[in-house]
Amino acid sequence: MKNQDFVASPSKFMDPRTVQKRLYQVWKGRNRFLCGGRLIFGPDARSILVTTFLIGSPALTFCTKMFLRMPETDFLYDGAVFVTGLLVTLLDFTFLFMTCARDPGIVPRNTKPPDLDNSSNSIASQWTDGASPELRLPRTKDVFVNGHTVKVKYCDTCLLYRPPRASHCSICNNCVQRFDHHCPWVGQCIGARNYRSFLMFISTSTILCIYVFSFTLMSLLEEPGCLWTVMSADVVSVSLVVYCFIAVWFVGGLSVLHFYLMCTNQTTYENFRYRYDKKENPYNQGIIKNLKEILFSKTAPPLVNFREWVNKEDDPFLECVSKRFGGDIIKSNMKIDLELGVISKDSKLSQNLDYIEDSLKRDKGGKIVADPFSFSLDRDENDTTTDDWSEESSQRTSSSQTRL
């Protein structure tokens, strides 16, 4: 019986097939896509619903109260307050949607590591499992930005040297241009392409909180009678005042922080890591130019077209094995154990079943030497001889007793 009898025909099961899909369908990041890859969300996109509720509930409650008061008080005054509050609320939701549904500046991945620079002295080699050494790329490279030397790091996940100010988000599993932070309230990374809309979102939220707080408090003070009695009769207005007073410290503080970061041309990631405390910031060009760069410059085009068609090589049998036994079994530079029934890339048997017999030790006479952890053939023969001798002895004893 041949070894091929134990393995399926490679022409029938092992031939990879090419499947044409959109890039967003095979993207290795953790993003969620809608509308055919036109809308890009983070993996925690459900937090948008919480943020929408926290903003929409008090704002719409305030607008409803103003609308119901219009027939009883000054129609034009309350009407203007109502329309303005409604517009600010819609504007806030617009900036929220623009922030969470836009590509933040995802850097395209490489399918293989970049070519080694032979002139580099920092290339290291590492021996693995007694095989040929693996060349390791240098972890950092020096690039020049505005006359300053900046170190860029190598990303093992995306297989590239990150652009300056880019960082890899562990939540989205992407390298992002001018990475600021991953905002849990919008469920998206904040980067080069959505930082401006994020600033508009938090600024509008601050304005909305101040607006609702101010006009709700004014409506309470305008009511005749004791303030305590008025507050006891209008619990909804009191709740709006307290809620907005607390919320404005969060969104207002965040707005002030990012205004400072804009003026100094820093990101949240750089500021929290004290990146420029001991050295000069190469991106700082002065307050006016910094604000102009962030607020009035043209939005950079996306580096990744998630709607383009790509050819995906798909081998269903190998995919099934990798999912069942773990992804570390199949490696690009190694072959798979024959016991799994998998054939190497060149469609030849990676091993021979005869290695089992060849690996057994033999003595000078050609007989197989016993393995201490398995049953021995010699031991079986000795056991058989012993059993025959015991049976013959028992027969002699019984015959002797009969004679007596």
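Predicted model: local features only at pLDDT ≥ 70, side-chain atom pairs only at ≥ 80, totals over all residues.
The partner of D142 is K151: the two form a salt bridge, with the closest N and O atoms 3.1 Å apart. K151 has a relative accessibility of 57%, so K151 counts as exposed.

How many salt bridges does a search of the whole structure find? The search finds 4. Another of them joins the side chains of R139 and D156, at 2.8 Å from N to O. This pair links distant parts of the chain, 17 residues apart: R139 lies in the loop between β5 and β6, and D156 in the loop between β7 and β8.

Next, please consider K65 and D234, whose closest N and O atoms are 3.6 Å apart in a salt bridge. K65 is in helix α3 and D234 in the loop between α6 and α7, 169 residues apart.

With 3 residues, α3 provides the largest share of a nonpolar patch. The patch covers about 510 Å² and is made by V50, F53, L54, W185 and Y243. W185 sits in the loop between β11 and β12, and is exposed at 51%.

Finally, I turn to helix packing. How are α5 and α9 oriented to each other? Their axes are 9 Å apart and meet at an angle of about 100°; the helices are therefore roughly perpendicular. The contact involves Y195, R196, L199 and M200 of α5, together with E293, I294 and L295 of α9.

Key:
Residues numbered from 1 in each chain as written. Heavy atoms only, no water. Patch = residues over 30% accessible without salt bridge, like charges linked within 9 Å, V, L, I, M, F, W, Y side chains within 5 Å. Areas by Shrake-Rupley, 256 points an atom, 1.4 Å probe, with all protein chains shown as cover. Helix = DSSP H or I, 4+ residues; strand = E, 2+ residues; numbered from the N terminus. Buried < 20%, exposed > 50% of the residue type's maximum accessible area, 1.4 Å probe, protein only. Axes fitted to C-alpha atoms, helices over the stretch in contact; angles between N-to-C directions. Parallel < 35°, antiparallel > 145°, perpendicular 65-115°, else oblique. Contact = heavy atoms within 4.5 Å.
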